[in-house]
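Hi,

Here is the structure I said I would pass on. Have a look at it, and then read on for what turned up.

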Amino acid sequence: MTKLFTRFLKDESGATAIEYGLIAALISVGIIAGASSLGTSINGVFNKLSGNMATAAP
């Protein structure tokens, strides 16, 4: 029984999978935040362009 318990404590394969999962989650959060910020910026550019085109039309 003690051998099984010590082998369980030394096994780190699950920890590696959890670390990869956390890294993937952090990358996903970064991509979502960047895309949201970029989307807001692009929306402002298109709104300004639309306003300029509306005033330039005869």
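Let me start with Val45, which counts as exposed because its relative accessibility is 53%, over the 50% cut-off for that label. Val45 sits in helix H2. From Val45 to Ile23 there are 22 residues in sequence, and their C-alpha atoms lie 33 Å apart in space. Do keep in mind that all of this comes from a predicted model.

Stepping back to the whole chain: it has 2 helices and 0 strands. Its radius of gyration is 26 Å, whereas the globule rule gives 10 Å for 58 residues, so the chain is more spread out than a compact globule. You can see that in the box filled by the C-alpha atoms as well, roughly 90 × 10 × 10 Å along the principal axes.

How much of the chain is buried? Of the 58 residues, buried ones make up 0%. As for the surface, the accessible area of the chain is about 5400 Å², and carbon and sulfur atoms account for 71% of that.

Now back to helix H2, which covers residues 13–56 and includes Ile42. Is Ile42 exposed or partly exposed? With a relative accessible area of 39%, Ile42 is partly exposed, because that label covers values between 20% and 50%. Ile42 also belongs to a nonpolar patch on the surface, together with Leu38, Phe46, Leu49 and Met53. Taken together, the residues of this patch have about 510 Å² of accessible area.

Met1 is placed in the segment before helix H1, which runs over residues 2–10. Met1 counts as exposed, since its relative accessibility is 83%.

Cheers

How values were computed: Residues numbered from 1 in each chain as written. Predicted model: local features only at pLDDT ≥ 70, side-chain atom pairs only at ≥ 80, totals over all residues. Heavy atoms only, no water. Helix = DSSP H or I, 4+ residues; strand = E, 2+ residues; numbered from the N terminus. Rg over C-alpha atoms; globule rule 2.2 N^0.38 Å. Buried < 20%, exposed > 50% of the residue type's maximum accessible area, 1.4 Å probe, protein only. Areas by Shrake-Rupley, 256 points an atom, 1.4 Å probe, with all protein chains shown as cover. Patch = residues over 30% accessible without salt bridge, like charges linked within 9 Å, V, L, I, M, F, W, Y side chains within 5 Å. Salt bridge = Lys/Arg side-chain N within 4 Å of Asp/Glu carboxyl O.
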